[in-house]
Amino acid sequence: MIKTIFNVLNSKKLTISVAESITGGALSKKLMSLAGSSSFFKGSLVAYSDESKIEILKIQKEKIRKHSAVSQQIAGLMASNVKNLFKSDIGFSTTGNAGPGLNDEKSRVGDLYISLHFKNKTKTKFFKLEGNRDANINKAVKVSLEFISENLDK
């Protein structure tokens with residue numbers, strides 16, 4: 001999967017940046033695991049707290065309050081704003097609740113939103129994860145890589 005992403009991004013001369021919450025840097029680690037990934041990987045931000053989403057990704061506090069940090073709306077804003085922050089062609093984000101506890105009353109353990117912003121369009125997908133914390137994070141990385149790969153040709 002990583003080799004496919006690597007090859008497509010390089011052949012199309014595209015760059016990607018990532019804003020991670022639920023995956024805590026694990027997705028970025030995978031994306032930069034191959035030698036030469038600096039040709040397409042512009043950077044990443046682990047925006048784990050609401051404060052980092054507000055201060056660094058410039059997401060309005062009111063939007064987080066209204067929708068929850070774990071929502072389709074916030075995932076989309078994270079993806080588009082990280083794209084702008086790093087001046088990449090593609091922005092990608094992960095936000096969710098890996099468990100075991102809850103951070104807010106709007107999301108549930110296992111909720112995952114991933115979002116890709118490319119060619120002025122944002123695509124977001126929801127997943128319901130059902131493992132423990134480590135399994136949920138690993139699954140979030142896996143489905144993120146699949147989603148990126150599926151959407152590079154479009």
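Tutor: Let's start with a term: buried means under 20% relative accessible area, exposed over 50%, and partly exposed in between (1.4 Å probe, protein chains only). At 44% relative accessibility, K142 counts as partly exposed. This is a predicted model, where local features need pLDDT of at least 70, side-chain atom pairs count only at pLDDT 80 or more, and totals for chains, interfaces and linings use all residues. Residues are numbered from 1 along each chain as its sequence is written, and side-chain values use heavy atoms, with hydrogens and water left out.

Student: Which residue forms a salt bridge with K142?

Tutor: Side chains of opposite charge can pair when their charged atoms come close. A salt bridge needs a side-chain nitrogen of Lys or Arg within 4 Å of a carboxyl oxygen of Asp or Glu. Here E146 is the partner of K142, with the closest N and O atoms 2.7 Å apart. E146 is partly exposed, at 24% relative accessibility. Helices (H or I, at least four residues) and strands (E, at least two) are DSSP runs, numbered from the N terminus.

Student: How many salt bridges does a search of the whole structure find?

Tutor: The search finds two. In one of them, K128 meets D111 at 3.2 Å, N to O. K128 lies in strand β5 and D111 in strand β4, so the pair ties together parts 17 residues apart in sequence. D111 counts as buried, at 10% relative accessibility, while K128 is partly exposed at 42%.
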